Amino acid sequence: MTNATRTATQPGWLEKITYGFGDFGFNLYWTTISAFLLIFYTDSFGLSAAAAGTMLLTTKLVDACVDPIMGAVSDRTRTKWGRFRPWLVWGGVPLALSAVATFTTPDLAEGGKLIYAYLTFGLMMALYSVVNIPYGALSGVLTNNPQARTQINSFRFVGGFLGGTFVTFMTPKLVKWLTAQYGNGNEVIGWQLTLALYGVVACLIFFVLFLTAHERIEPVAEVQVSPLKDIGDLVKNGPWLIMFVLALVIMITISTRMGASAYYIKYYVGKPELVGSFLTVYGFALAAGSLVTPLLTRFIDKRRLLIILMVLVGVLSSLFFFIPKDQIGLMYTLQIAIGLCLGPKSPLTFSMYADCADYNEYKTGRRATAMTFAAATFSQKLGGALASFVIASVLAGLGYVANQAQSGASQTGIVLLISVVPGALALLAAVIMCFYNLNDSRLAQIQAALSERKSKL
């Protein structure tokens with residue numbers, strides 16, 4: 001296709017809802033990893049905190065290299081169903097099987113278990129990229145309207161946060177129930193069956209999205225270049241570089257709080273039965289914050305709004321350090337407030353990634369939508385990996401012992417990981433965002449220029 005393909009139609013409500021629900025499916029995996037994988041490896045699988053943290057960091061660093069490769073592959077995919085939609089079907093089942101394998105505990109010594117964890121989790125994350133990178137790029141070709149993109153990504157992250165809420169609330173209950181019903185008290189069977197159920201649900205969601213989505217936006221002209229050229233273009237794309245660093249810092253912020261939450265409630269507060277509800281109210285708050293994002297962007301520029309929100313997250317997170325362990329209500333209130341402020345972050349940043357793809361096309365004549373999203377996802381995965389490593393290193397260094405009462409130093413470390421550390425990172429994110437220069441008026445100029453180019457073809 002040498003000319004732009006644009007239809008007069010915009011995505012309808014069904015398409016927006018099914019696209020948004022797609023992230024519900026991805027969060028059946030992502031939130032399980034973020035909230036429960038580290039504590040699964042230390043408390044159920046049988047790895048030490050140090051070994052688990054190093055494994056998670058190493059595996060995610062290797063996997064992050066898959067993202068730009070997948071971006072280049074999907075940008076160059078040509079089928080009658082489009083570039084990105086087919087990957088939802090092609091990769092859905094392998095991803096589900098790899099997730100079950102990751103949460104399966106073999107009867108091996110710790111060294112053998114560690115090798116198994118490297119292999120299975122590494123495969124799972126690579127297959128996650130195979131499906132998720134095209135999914136993220138899909139939002140950039142459903143429409144070229146910036147406000148519509150924000151709305152689409154708002155739907156996406158409402159679905160994602162609801163998926164995360166479902167996971168944080170239901171996973172402990174499902175693991176317990178499936179362990180009792182089919183595992184004869186063996187919790188590792190409960191984990192395995194829970195991920196099998198999540199895999200079936202995710203595959204169904206991806207198939208429905210494949211049937212309902214429509215890829216409307218093509219580049220002005222197809223110019224086949226090396227994937228390295230696409231990466232080179234991104235390195236010269238100033239707004240994208242800001243978003244890359246921003247995504248890295250924000251993901252460390254979110255993943256540190258999320259990963260530390262289970263330890264905080266279980267070992268500091270001393271009420272492990274509250275882990276599910278503590279994360280659930282946070283998930284609902286994230287979804288609510290995401291849902292109101294299109295309304296907020298009608299009155300506040302995306303750049304300015306994100307700066308305000310990250311400052312609030314920084315302040316509210318730091319306040320967690322001062323909450324006494326018996327003030328459960330205050331913990332929940334602050335957790336909800338942080339979720340409301342963090343909720344708009346995801347639809348805002350992913351809308352900005354699509355804007356960066358427009359800017360790239362404006363500057364170079366090549367769109368490289370999937371590569372733009374893939375490289376951004378690279379920074380997010382790197383952030384998640386660094387967060388897991390930091391949590392595990394802090395726990396190991398302060399004498400954490402699984403399923404036992406923790407020392408005073410260990411408890412202090414856990415509190416810092418959910419409060420001051422992510423708070424400082426959120427404030428850093430606000431500073432980084434000050435350097436982003438694609439405001440609404442600049443984007444309007446870029447869209448007008450691209451439309452003029454397309455009208456001449």
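Is D355 buried or exposed? D355 counts as buried because its relative accessibility is 0%; here buried means under 20% relative accessible area, exposed means over 50%, and partly exposed is in between, with a 1.4 Å probe and protein chains only.

## Before we go on

This is a predicted model, where local features need pLDDT of at least 70 and side-chain atom pairs count only at pLDDT 80 or more, while totals for chains, interfaces and linings use all residues. Residues are numbered from 1 along each chain as its sequence is written, and side-chain values use heavy atoms, with hydrogens and water left out.

## Salt bridges

D355 has a partner: K302 forms a salt bridge with D355, and the closest N and O atoms are 2.6 Å apart. A salt bridge here is a side-chain nitrogen of Lys or Arg within 4 Å of a carboxyl oxygen of Asp or Glu. K302 sits in helix α13 and D355 in helix α15, so this pair ties together parts that are 53 residues apart in sequence. Helices are DSSP runs (H or I, at least four residues), numbered from the N terminus. K302 is buried too, because its relative accessibility is 6%.

How many salt bridges are there by this rule? The count comes to three. One of them joins R156 and D23, with the closest N and O atoms 3.6 Å apart. That pair links distant parts of the chain, since R156 is in helix α7 and D23 in helix α1, 133 residues apart. Both R156 and D23 are buried.

D43 and K266 also meet through their side chains in a salt bridge, at 2.8 Å from N to O. D43 is buried, at 17% relative accessible area, but K266 is partly exposed, at 23%.

Rolling a probe the size of a water molecule over the atoms shows where empty space is left. On a 1 Å grid over the protein atoms alone, a cavity is a set of points where a 1.4 Å probe fits but cannot get out, and a pocket is an open set with protein on both sides within 12 Å along at least five of seven lines; lining residues have an atom within 4 Å of a point. A volume is the space filled by probe spheres set on the points, which are joined across faces, edges and corners.

By this rule there are four cavities of 30 Å³ or more. The largest cavity holds about 510 Å³ of space. It is lined by 30 residues, and the closest to its centre are N27, W30, F157, F161 and M251. Helix α7 brings the largest share of this lining, seven residues.

The largest pocket has a volume of about 580 Å³. Among its 21 lining residues, F36, P172, E187, P272 and V275 are the closest to its centre. Which helix gives the most to this lining? That's α7, with six residues.

## A nonpolar patch

Out on the surface, V311, V315, L319, F321, F322, L416, V420, V421 and L427 form a nonpolar patch with about 710 Å² of accessible area together. Patches are made of residues with over 30% relative accessible area and no salt bridge, with like charges joined within 9 Å and nonpolar side chains (Val, Leu, Ile, Met, Phe, Trp, Tyr) within 5 Å. Accessible areas come from the Shrake-Rupley method with a 1.4 Å probe, and for residues only the protein chains shown count as cover.

Helices α13 and α18 each supply at least two residues of the patch. V421 lies in α18, and V421 counts as partly exposed because its relative accessibility is 32%.
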